[in-house]
Amino acid sequence: MKPGRWKGLSWVQFYFSLLCVILDFQLDGVSGDNVEIEKHREMGRKLLESGQLAGALSHYHSAVGSISSCNEMVHIKIQHLYLTYYERAAVFLAMGKSKSALSDLTRAIRLKPDDLIARLQMGNIFLKMGNTQKARENFQAVLQRSPDQDEARHQLMRANELEEMQEKAHATHHRRDYRTTINVLDRVLVLSPWDPESLELRAECYIHLGNTRKAIQDLTPTAWLRNDNRAAFLKLSTLHYSLGENKESIGHVRECLKLNQDDKKCLSHFKQVKKLIKQLDSAEEHIKEERYQMAISDYESVMKTEPNVPYYTNKAKERICFCLVKEKMAAKAIDICSEAHQRDPRNINILRDRAEAFILNRDYGEAVEDYEEAMEFDMENNEIRDGLKRAQELLKFTPKKDYYKILGVERSANKEEIIHAYRQQAKKWHPDKYRMDWEKRKAGKRFIDITSAKKVLTDPEMRKKFDSEV
């Protein structure tokens, strides 16, 4: 997640609690002599309260600069500077810049070492960042000065609980029990939503379980939680790439190259994504212009450029199937479409295109089956509904099957010639010879037709009846 308002961070609540502290100090006599400083602080508070974070931060930067050059008495200058750092920390937190907030809170504590509220806030930030050691140090420091501080005691217990859960998550991950690890990390990240290590570990578990989308959700904020996190940007780029989301992929790898333009891994991946995008865009432009053979060539290049990511091979097969149908190359289209369907069985575009290829090949029954299957996945698709209706109409008016043609014999063939032809065809089309489901289905139907042809044509009465009807 890019710097911005953080999920789970109630920055408005923090602002109002902070405001109460500020008012307490002001009642204790903080000087308002420096009009310029007060003006910037007042504007910063108003903008923070209204959610205009960039403007608020700008005013606090100006206030810090004005205080540094201020000629007031030292104790007044310290009070101004302390409160400005404290308030600016609130802005940084609201923007998701926890490290900058910690830096300002550290400065504030140096100026006012006895401020337990700033120390408590630092502990809370370290807890959210998953740094249990630093969180404990701050909570313990508060309790040393104020043993009855209930929030510090409660947060110290949460820090100890968090550390135990972190250790358990790493142990279960080491055993490759990824589901249990995710369940533990879900609880960890309730307490430490800004912990990049836990987010990265959960993302790794999601990758092992094949949930790329969840992995992306977890990795996205880690790219900004760590300084110079090129590894996260590259990982995000490759994950989006595996899903065919090339715009997002190129965006993340560019962020990596902004950090180091000579990073070899990011540069290599950047070139790969750019090359693939160019080929995909070229192929789709050819389809748009009805240059289908050129589109086929481009998609064949896509498969050569990226043979290891299934998405791109699946996409290429799907679009080549479409182009072959447009070129009316029925037999080849059926083969390619069937392979594409095997790779992506729920893709209604492939089913639609193979149905059209079957229609071109006058296999209307097969076309009806494909359209019916597509309808199961999308009942509201008008194109599929219309295609099914058309295929059903064509099937209705299809002439009766020619058993002589199915066996490949003349109408004058004798019984011995028919049996011989049957044996040859049965051997060729026996379903056990085929491995892929679509091949078995096709062979099975052909085998049934061959068996029916042999039964009818070797029985004199049935053959006579058949001959009189065709």
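**A note on the cysteines and one histidine**

1. Let's start with the sulfur bridges: searching the whole structure turns up 2 disulfides. A disulfide here is a pair of cysteine sulfur atoms within 2.5 Å. In general, a disulfide is a covalent bond between the sulfur atoms of two cysteines.

2. Before going on, please keep in mind that this is a predicted model, in which local features need pLDDT of at least 70, side-chain atom pairs count only at pLDDT 80 or more, and totals for chains, interfaces and linings use all residues. Residues are numbered from 1 along each chain as its sequence is written, and side-chain values use heavy atoms, with hydrogens and water left out.

3. Take cysteine 256 and cysteine 266, which a disulfide joins with an S to S distance of 1.9 Å. This pair links distant parts of the chain, 10 residues apart: cysteine 256 sits in helix H13 (residues 246-259) and cysteine 266 in helix H14 (residues 264-288). Helices are DSSP runs (H or I, at least four residues), numbered from the N terminus. The torsion about the S-S bond of cysteine 256 and cysteine 266 is about 85°, so this disulfide is right-handed.

4. Are these two cysteines buried or exposed? Cysteine 256 is buried, at a relative accessible area of 0%, and cysteine 266 also counts as buried, at 1%. Buried means under 20% relative accessible area, exposed means over 50%, and partly exposed lies in between (1.4 Å probe, protein chains only).

5. Now look at the disulfide between cysteine 321 and cysteine 337, where S to S is 1.9 Å. Cysteine 321 belongs to helix H16 (residues 310-326) and cysteine 337 to helix H17 (residues 330-343), so the bond ties together parts that are 16 residues apart in sequence. With a torsion of about 90° around the S-S bond of cysteine 321 and cysteine 337, this disulfide is right-handed. Both cysteine 321 and cysteine 337 are buried.

6. How do the disulfides pair up along the protein chain? Counting bonded cysteines along the chain, the pattern is 1-2, 3-4.

7. What about cysteine 323? Cysteine 323 takes part in no disulfide, and the nearest cysteine sulfur, that of cysteine 321, is 9.1 Å away. Cysteine 323 is buried, with a relative accessible area of 0%. Cysteine 205 is buried at 0% relative accessible area.

8. Finally, visit histidine 269 in helix H14. Histidine 269 is buried, with a relative accessible area of 11%. Leaving aside residues up to four places away in sequence, histidine 269 touches Leu234, Ser237, Thr238, Tyr241, Ser249 and Val253. Contact means heavy atoms within 4.5 Å.

Note on methods: Helices (H or I, at least four residues) and strands (E, at least two) are DSSP runs, numbered from the N terminus.
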